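Please open the structure in your viewer and keep the selection tool at hand.

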Amino acid sequence: MEAEDALNSGIITCWQSPSNIALVKYWGKKGNQIPANASLSITLSVAYTLTRIKASKAPSGKGPAVIFRFEGVLNETFGVRIESFIKSVLPHFTFPKDIIFDIESGNNFPHSAGIASSASAMSALALCLCSLENKLAGIDGISESFLQKASFISRIGSGSACRSVFGGISVWGKHPAIDGSDDEFAVPLPFELHPLFAGIRDTILIVDPGQKRVSSSVGHNLMKGHAYAAARFSQATTNLTAMLLALKQGDWETFSLITENEALSLHAMMMTSRPGYLLMHSNSLKIIDKVAEFRKQTGSAVCYTLDAGPNVHILYPESDSDKIKPLIEELKEYCHQGTAIEDKMGSGPEKLNCR
Ligand code: DP6
């Protein structure tokens with residue numbers, strides 16, 4: 001009854017959730033968003049989505065219904081997608097289905113920057129839904145089980161989103177080296193990260209801010225029956241084992257070897273899919289070459305990774321920022337209007353007190 005009264009006047013939940021960049025990639029899935037291999041990512045801090053939900057009681061039989069505004073503008077296409085996502089996760093929640101979800105969302109990075117925003121957007125949305133459930137049940141605070149559920153719900157929206165729920169480094173997918181790792185939700189790194197990697201920098205070089213030509217869902221699907229699928233999934237598992245050790249020991253060389261191997265393997269899978277496709281641009285390749293050359297000449301700790309697109313993420317320890325600066329300045333020449341976003345490892349999503 002109390003919960004119903006609260007819904008009558010509208011309940012507001014608000015979360016800010018960051019994007020993440022995978023070092024060991026998730027590429028290929030089965031069933032309902034179950035990854036073909038375990039993946040590992042750095043949760044970022046500068047690129048995030050802020051989402052506010054006002055949940056109010058809908059007339060009987062009229063919910064769930066979604067009104068969605070992106071950066072202040074009503075977006076019916078996204079609204080329909082979010083409504084169908086909420087319907088699909090409703091069985092996992094205790095709240096009633098007759099709810100109107102008035103959702104406002106926005107990114108702090110330009111929509112046109114070409115950064116995948118599904119991880120930050122879906123994790124922010126999932127966190128709001130979990131907070132709503134808690135508010136209705138009179139539960140306060142953020143527990144381990146709350147985050148686990150938020151990660152589980154995020155995954156159903158977008159696989160990579162489930163890793164954004166945790167700060168630092170997180171792992172999604174069952175892996176023999178990590179107790180408690182799971183295909184249905186992500187877990188934080190189960191040991192202390194070597195200080196070399198604390199606050200690791202990620203400068204995102206925006207080679208092309210446009211929409212990618214082939215979506216990730218299409219790409220994941222093309223892994224079904226891919227000639228190299230089995231080898232790729234086993235490569236990722238082996239790479240994850242090595243990456244964990246590197247993160248524990250502060251072994252930059254292995255870290256950068258695995259990170260670049262994963263980036264190129266991801267794009268190799270795209271090129272060798274049927275039909276094959278290329279998401280890297282000539283400027284992505286020039287950047288990759290320049291990074292390798294700079295590393296050879298200066299011995300600096302710097303490496304790159306790629307998402308499913310042409311933009312290049314330049315990773316380096318915080319302590320080396322000054323040394324890497326000239327390289328970044330040089331690489332801006334290959335970016336769209338010289339655009340680079342300075343991001344770094346962050347501490348994860350934040351619950352906000354919105355009105
Ligand atoms: C290349 O998480 O966007 O970024 O589950 O279909 O939403 P869906 O896919 P998505 O795939 C991300 C792929 C990747 C690698 C990664 O983040 O692990």
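Two residues are in contact when heavy atoms of theirs lie within 4.5 Å. The model on display is a predicted one.

**First stop: a loop serine**

Select Ser160, which sits in the loop between helix H4 (144-157) and strand E8 (169-172). Is Ser160 buried or exposed? With a relative accessible area of 17%, Ser160 is buried, because the limit for a buried residue is under 20%. Now display the surroundings of this serine. Setting aside neighbours within four places in sequence, Ser160 is in contact with Asn20, Tyr26, Ser118, Ala119 and Trp172.

**Second stop: the disulfide**

Select Cys14 and Cys354 together. These two cysteines form a disulfide, with their sulfur atoms 1.9 Å apart. A search of the whole structure finds one disulfide. The pair joins distant parts of the chain: Cys14 belongs to strand E1 (residues 11-24), while Cys354 lies in the segment after strand E14 (350-351), 340 residues apart.

Cys14 counts as buried, at 2% relative accessibility, whereas Cys354 is partly exposed, its relative accessible area being 29%.

Select Cys335 next. Cys335 takes part in no disulfide, and the nearest cysteine sulfur, that of Cys303, is 17 Å away. Cys335 counts as buried at 9% relative accessibility.

Move on to Cys130. Cys130 is buried, with a relative accessible area of 2%.

**Last stop: a helix asparagine**

Select Asn221, placed in helix H5 (residues 216-222). Asn221 is partly exposed, since its relative accessible area is 45%. How far apart are Asn221 and Ser234 in sequence and in space? They are separated by 13 residues in sequence and by 18 Å in space, C-alpha to C-alpha.

Note on methods. Residues are numbered from 1 along each chain as its sequence is written. This is a predicted model: local features need pLDDT of at least 70, side-chain atom pairs count only at pLDDT 80 or more; totals for chains, interfaces and linings use all residues. Side-chain values use heavy atoms; hydrogens and water are left out. A disulfide is a pair of cysteine sulfur atoms within 2.5 Å. Helices (H or I, at least four residues) and strands (E, at least two) are DSSP runs, numbered from the N terminus. Buried means under 20% relative accessible area, exposed over 50%, partly exposed in between (1.4 Å probe, protein chains only).
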